[in-house]
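Here are a few exercises to work through with the model open beside you. Try each task before reading its solution.

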Amino acid sequence: MREALHERAHLLHNAPHLAQPLAFVMPAYQWWEAPFYGVGLKMYDVLAGRDGLGSTEFLSRQQTLQCLPGVQPRGLLAGVKYWDGQFDDARVALALARTAAAQGALLVNHCAATELIHEAGKIAGVVSMDRETGRTCALRARCVINATGVWVDDLRQKDGEATGRPVRPMVAPSQGVHLVVDRVFSRRPCAAGAQDGGSPGAVCRAMAGQGDSGHHGYAAP
Ligand SMILES: Cc1cc2nc3c(=O)[nH]c(=O)nc-3n(C[C@H](O)[C@H](O)[C@H](O)COP(=O)(O)OP(=O)(O)OC[C@H]3O[C@@H](n4cnc5c(N)ncnc54)[C@H](O)[C@@H]3O)c2cc1C
C-alpha cells in the first residue's frame, strides 16, 4: 500500500496532465459505517504521509448530499470524504511507450512471451509469438522484467520448470468489472465509493468517465 501511494505521488508529479487528485465520498447508511471507514481511511492518510492528497473528513448527512446529489437519501446518515488519485491509464501507457521508443527501445505489440530463453541457469531472453501472424522470434536481453500483471505466475512457472526450482504462486486473481451506463447521475463535485453489502469484500466506485458523466463501477472481491 505504501509503495502504491508513493507511485501515485510520482505519477501526479511527473504527469500532471494525465493524473489528478479526486475526492471520493462514501455514504453511510448504518451507524457504524462512518467511524469504521473513517478510521480505515485515516490510516490510509497516515500511510501516505507527505504524499497525502488531503485529509479524510467526516461529513454530515447534508454535506454528503451536497457532494453526491444523486445518492439515495432514504436512510442516509452521514459520509466520509477521502482523497485519491485518478489517471488516464491508456494515455499514460502510450506516453510511456512513446518515451521508451524515443530513447531507443524496440516496441513489439500484440506479441506474447511464450517461452523464456535460459543460458547457464539464467534468463537470457524470451521467445515471442506474434498473435496476429503466429510467427515466433527469439528476443535476447540482459534483463527480462516479468510485468504480465495477473498472469505473472504463468511465466514464473515456465522459469521454474526450466531451472527445476519450484515456484509458489504470487498472485491470487480477483475479478473487476467496469459498468458503463448512460447519464444516470447528474454531474457531481465528488466521486462515490461504497462497500457492497450484498457481496462481502466487494468495493464499488462510481466516477465520471472521459467526456461524459457515466459511471464506472469497480468491484474487487
Ligand atoms: C475492471 C477493473 C478495474 C480496475 N480499477 C482499478 C482502479 O480503479 N484503481 C486501481 O488502482 N486499480 C484498478 N484495477 C487494477 C489494476 O488494473 C491493476 O492492478 C493494474 O492494471 C496492474 O498493472 P500491471 O502493469 O501489473 O498489469 P496489467 O495492467 O494487467 O498489464 C499486464 C500486461 O501484460 C500482458 N501480458 C500478459 N501475459 C503476457 C505474456 N506472456 N507476454 C506478453 N505480455 C503479456 C497483458 O496483456 C497486459 O497487457 C482494476 C482492474 C480491473 C480489471
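Two residues are in contact if their C-beta atoms, placed from the backbone, lie within 7 Å. Keep in mind that this is a predicted model.

**Exercise 1. The overall layout**

Task: Find how many helices and strands the chain has, and what share of its contacts with a separation of 6 or more comes from residues 24 or more positions apart.

Solution: Start by counting elements: there are five helices and eight strands. Next, read them along the sequence, which gives the pattern α-β-α-β-α-β-α-β-β-β-α-β-β. Then take the contacts with a separation of 6 or more: 52% of them join residues 24 or more positions apart. Finally, look at burial, where 13% of the 221 residues count as buried.

**Exercise 2. The largest nonpolar core**

Task: Work out which residues of the largest nonpolar core touch the most other members.

Solution: This core has 16 residues, and Val25, Met26, Val80 and Ala192 are the ones that touch the most other members. Two or more residues each come from strand 1 (19-28), helix 2 (33-48), strand 3 (78-87) and strand 7 (191-195). Strand 1 gives the most, with four residues. Now zoom in on Met26: setting aside neighbours within four places in sequence, its contacts are Tyr37, Gly79, Val80, Gly193 and Ala194.

**Exercise 3. The length of helix 5**

Task: Check what span helix 5 (residues 152-163) should have, and how far apart its end C-alpha atoms are.

Solution: Helix 5 has twelve residues, so at 1.5 Å a residue it should span 16 Å. The model puts the end C-alpha atoms 17 Å apart, which agrees. Step past the end of helix 5 and you meet Gly164, with a positive phi near 75°.

**Exercise 4. Around the ligand**

Task: Sort the residues around the ligand by class.

Solution: The shell holds eight nonpolar residues, four polar ones and no charged ones. Of these twelve residues, Ala113, Thr148, Gly149, Trp151 and Gly176 come nearest to the ligand.

Technical notes: Residues numbered from 1 in each chain as written. Predicted model: local features only at pLDDT ≥ 70, side-chain atom pairs only at ≥ 80, totals over all residues. Core = buried A, V, L, I, M, F, W, Y, C linked by C-beta atoms within 7 Å. Buried ≥ 20, exposed ≤ 12 C-beta atoms within 10 Å, placed from the backbone. Expected span 1.5 Å × (residues − 1). Near = placed C-beta within 6 Å. Nonpolar A, V, L, I, M, F, W, Y, C, P; charged D, E, K, R; others polar.
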